[in-house]
Amino acid sequence: MFAIVCGGPDAYTGNPLYLQGSCPPVVVAGRVGKGRVVALGHDGWLLDRSKDRDTSRLALNCLRWLIGSSRPSRVAFYTSIGTLVTTRTLSTEIIRELSEQEITVTNMPEVASHDSLQRCSILVIARPHARLMDANEAETICRFVEEGGGLLMAGLGWFWSQCNPTLKIEDFPLNVLGRQLGVEFVNDIVWEQSDKGVRLPATFQVGALIPWCPRPTKLFRLAETTDQNVHAFVRRHQRSHNFAIEAEHVVLNLPADAFLQLRRPTKAIEDLDTVYKTHAQLASNVPYGGKKISFVVVDRCEYHLCSGNPILIRRDRVPVVLKDFNELGHPGWGLTHELGHDFVASAHKHAYQLGDGDNECWADVFALHAYDTLKLEYDKEDTHEDEFRRGITYYFAKKADYELLKNDNGIMMVLLRIINKTYGWDPFYRFFKICAHKARAGKPPGSEQEKVDFLVRELSVAASVDLSSYFVRWGFPVSKAVMHELRTLPPAELDETARSIALRYKITID
């Protein structure tokens, strides 16, 4: 297979095979026997709604190249397995140009057979969503190609996985077929960084036609390796391979020199996996439908670390990550916090997050829970003394400033910590269980007012006390309906906890 269209030098995915600099391909093509194959990483390029004329032209050029001279010039859309691209939905521009060249288009609603495939020169399989593909069907199509036919495969692996959460990406019909043709669709999006380090969908480039031979990635599996084996392999292959180690829920990619400095790689990934499980226990749900979360190193990023999947580690932050694993003996606040963001965003669909989207406090709640539950040691830079001082000062000042607190990580985190210190983690377990249910049902609170009322009502019910008076004192616009609804609960008592925190940090209060 040859890479036709690739991501730029800064493009990457969550797969450790496609790190920055790997230029992950989105279009590949090659010959198989007497036939030809093209794989497109996006099925929308065949449709009218594609806004970029270049992509329509690319799809047309692919069809032209695939046509063989030994068969009738006929393109068949395999509607038996996918109905996105048909004779009715194919780009009108493509239809017109094919028609001018006396190339007909047709649908194939039946399962592919030797006879049905002989009636066409190209088979197009786009977004195969209607059913799975078995080995016999794949074998029939591969034989058609080997005997001189053309095959165009188009799809989004990540979209199919999203729609089929109980299946593996290996079950994706284009992968069942692709295993025999040298093509693989992965369950990832290709990203790149803007000049300011913001994550964006990648732009792509057409380069010289070269065989696609990515730098191999050695993936160490926790249950199948030892620290000695990891270090020995990395030492031998550090100039030729990428490296990653995976556990049940997470994958950690690091440069070769970092792996060699990591004293116990197996413990590092095991501890990171334990933090994930602790987050999942608190959240009553998992992010990204349970897909493993990757941690990858990138050259440019606006922040030292950035949540999502993959979670980004800026290259100059790697020494801090190594220090946490080697000296603290656990993943540290940074990775634990970023993993918390993924649960807030994906497992709970931002059900309670307020502000302009830059509110860090809920990721802090997950990190605090992990530190409390696993009894993790704090680094001196992660004790959050400044945040506690701001939060306690705000608590006792009784000068409500909603715009300030909902966008100030320190203040909001401390207010939630006071509730936690007073009533324990059980109210948060119960509250997050409701959030998880809302997220799975696709019905999280939408507007900011709905989120405020949802937070105050459900957290109060979870704690079996009325917290509304405190939220109102802090500046939250709690509706009168919610305050009336909670009036039968006993009033919350948070002042004693707040005073003990103030005393600990030597903060003078009136």
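**Close-up 1. Helices H12 and H16 are oblique to each other.** In this predicted model, H12 (residues 361-374) and H16 (residues 426-440) pack at an angle of about 130°, with their axes 12 Å apart. Oblique is what remains once angles under 35 degrees (roughly parallel), over 145 (roughly antiparallel) and 65 to 115 (roughly perpendicular) are set aside. The axes are lines fitted to C-alpha atoms over the stretch in contact, and angles run from 0 to 180 degrees between N-to-C directions. Helices are DSSP runs (H or I) of at least four residues, and strands (E) of at least two, numbered from the N terminus.

**Close-up 2. Side by side: the contact of H12 with H16.** Look for Trp362, Val365, Phe366 and His369 on H12, and for Phe428, Tyr429, Phe431 and Phe432 on H16; contact means heavy atoms within 4.5 Å. These residues divide into 7 nonpolar, 1 polar and no charged.

Close-up 3. You will find Pro310 in the loop between strand E15 (305-306) and strand E16 (311-314).

**Close-up 4. Tyr288 and Lys506 each have a positive phi of about 55°.** Tyr288, not a glycine, lies in the loop between helix H9 (265-283) and strand E14 (293-298).

**Notes.** Residues are numbered from 1 along each chain as its sequence is written, and side-chain values use heavy atoms, leaving out hydrogens and water. Local features need pLDDT of at least 70 and side-chain atom pairs count only at pLDDT 80 or more, whereas totals for chains, interfaces and linings use all residues.

Definitions and conventions
Ala, Val, Leu, Ile, Met, Phe, Trp, Tyr, Cys and Pro count as nonpolar, Asp, Glu, Lys and Arg as charged, and the others, Gly among them, as polar.
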